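Trainee: I am new to this structure. Please walk me through some of the terms used for it.
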Amino acid sequence: MPVRHLYIHVPFCARRCSYCDFSIAVRSATPVDEYLGGLRAELDSVAHLVAGRTFETVYFGGGTPSRLGAGGIRAALAAVRDHAFIARNAEITLEANPDDISDTSAAEFHRAGINRVSLGAQSFDDAALKWMHRVHDSTQIGMSVQSLRSAGIDNISLDLIFSLPPQIGRSWEYDLARAVDLEPTHISLYGLTVEPKTPIYRWASRGVIVQGTEETYEREFLTAHDMMTAAGFDHYEVSNFARPGMSSRHNSAYWTAEPYVGIGPSAHSFDGSTRRWNVPAYSAWIRRLASGGSAIEGAESLTAENRSFEEVYLGLRTRHGLAISAEEMNRVRSWESAGWAVVDDPLENPRVRLTPTGWLRLDSLASDLASRRPEPATVA
C-alpha cells in the first residue's frame, strides 16, 4: 500500500505533566530554527520513502507542537512539500495546549495550513489541572475553542483524562458535560496509568494514591460511553468519540495498519511489514542528524505471529470489528453471552464487535482469540 500518512513529532513542552512519559524536551524557549534544521535533514534522509508521495494526513504530535508557533508549522509543511505532495483536502492536525491558543495564534495557525486541532484540555477542574502540572486553567479551554472557531478551524478534538485519584474531588460527569457543551467534533478519553520515570510514579512509590481503582476506571469509562453517545457522538474506537463523519483520519490509519512515515525524536514508521523508530532524546536526534547520521534507533520485521495478533487487536479496538471464521464463532459466542461482544451476519460473513464492557477487556480477549488463530501464510 502507498504511504499516505505523515507523523511529525515536536518534543517541546513548557513543563512535564505529572503523568507524562512521552519523549519531550522541556525548554523555556523553543529552539525553532535548530529543530527545523533537524527536520529538513531527516526528510532528506527518508527521501526514498516520501519522494512524490501524496499525504492525505499530516499530524503534528508531541510534546506540544503549538510551541513551534505558526511560522515553525508553516516552515515544517514547506519542508515536507520539498519532497512530497500534501493533498488539497488533507487532514492537517496540530496538537495544542489551551495556553498556546489565542485569537491571533489561532488565525496564524489556520493560515499556516492547520485545519484540525487536538486540544489538550485534560480536565475542567482547576485542582485536577494543578495536580497534573498543566499550565492552563479551566477557563482557557473554552476561550481557546472560541478562538479556533473564530479563526475558521471548526474540526476540534478535546482530550480528557479519567480515573484520577479520589482525593482530588474531580467530577467526571461534570468534565464530560463541559466538554459536550463546547460542541467539539471529536473527543479522546484516556485512563490514567502510572508509568515509570514520571512524577506520579515517584509519588506512588512513597505510598501516595495517584489513580482511581479498577472499579472507578470501569465506571467512568462506561459513563463516558453513555453520555457521549447520548450527545450524538459515535464511539468509533475504544478511546475515541466523534460526530458522524468526523473520525480522525490520521489515527484511523494506525488502527487499520496502513503504512505511515514518522519523523522527529521517538517517531515510528511502518511500511506494512517493518516497524522503525527514532532515537527518543531530542539532543541525540539533533546531534545525529547534524553529523549526517541516521535518526533511526531500531527496527523490527513483523513475524506471522505478530501480524496475526495485530490484526485481531486492531480490529477489536474499533467499532467495525473483526472478520472471523466459522471455526471462531463458538469462541466468541461466550463473549456474546457475557455481554462483551456482538456478532454481525453470523451465517454469511461473521464479524465480531466488542461492546463497551468488552473493550474494558480488550487485551485479554484479543490475546485469547489471536492465540487460537492459524498463522498467516508466508508468501515466498
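**Terms and what backs them**

Mentor: Ser248 sits in the loop between β10 (240-242) and α10 (249-255). The model is predicted, so local features need pLDDT of at least 70, side-chain atom pairs count only at pLDDT 80 or more, and totals for chains, interfaces and linings use all residues. Residues are numbered from 1 along each chain as its sequence is written, and side-chain values use heavy atoms, with hydrogens and water left out. Helices (H or I, at least four residues) and strands (E, at least two) are DSSP runs, numbered from the N terminus.

Trainee: Why is Ser248 called buried?

Mentor: Buried means under 20% relative accessible area, exposed over 50%, partly exposed in between (1.4 Å probe, protein chains only). Ser248 has 0%, so Ser248 is buried.

Trainee: What does Ser248 touch?

Mentor: Contact means heavy atoms within 4.5 Å. Leaving out residues up to four places away in sequence, Ser248 touches Glu91, Arg116, His186 and Tyr236.

Trainee: Why is α1 called oblique to α11?

Mentor: Axes are lines fitted to C-alpha atoms, for helices over the stretch in contact, and angles run from 0 to 180 degrees between N-to-C directions. The axes of α1 (residues 32-45) and α11 (residues 282-290) cross at roughly 60° and come within 9 Å. That makes α1 oblique to α11. Under 35 degrees counts as roughly parallel, over 145 as roughly antiparallel, 65 to 115 as roughly perpendicular, and the rest as oblique.

Trainee: What is the handedness of the crossing of α1 and α11?

Mentor: The crossing is left-handed. In a left-handed crossing the near helix is turned anticlockwise from the far one by less than a right angle; clockwise is right-handed.

Trainee: How do α12 and α15 pack?

Mentor: Helix α12 (residues 304-316) and helix α15 (residues 362-370) pack at about 140°, with axes 9 Å apart. They are therefore oblique to each other. Their crossing is right-handed.

Trainee: What makes β15 and β16 edge strands?

Mentor: Two strands pair if DSSP finds at least two bridges between them. The open sheet of three strands runs β15-β17-β16, with antiparallel pairing. β15 (322-323) and β16 (341-344) each have a single partner strand, so one side of each has no neighbour in the sheet.

Trainee: How do you know that β16 and β17 pair?

Mentor: They share four bridges, in the antiparallel sense, and β17 covers residues 351-354. Val342 has Arg353 of β17 as its bridge partner.

Trainee: Which helix lies across β16 and β17?

Mentor: Helix α13 (residues 326-338), running at about 135° to β16.
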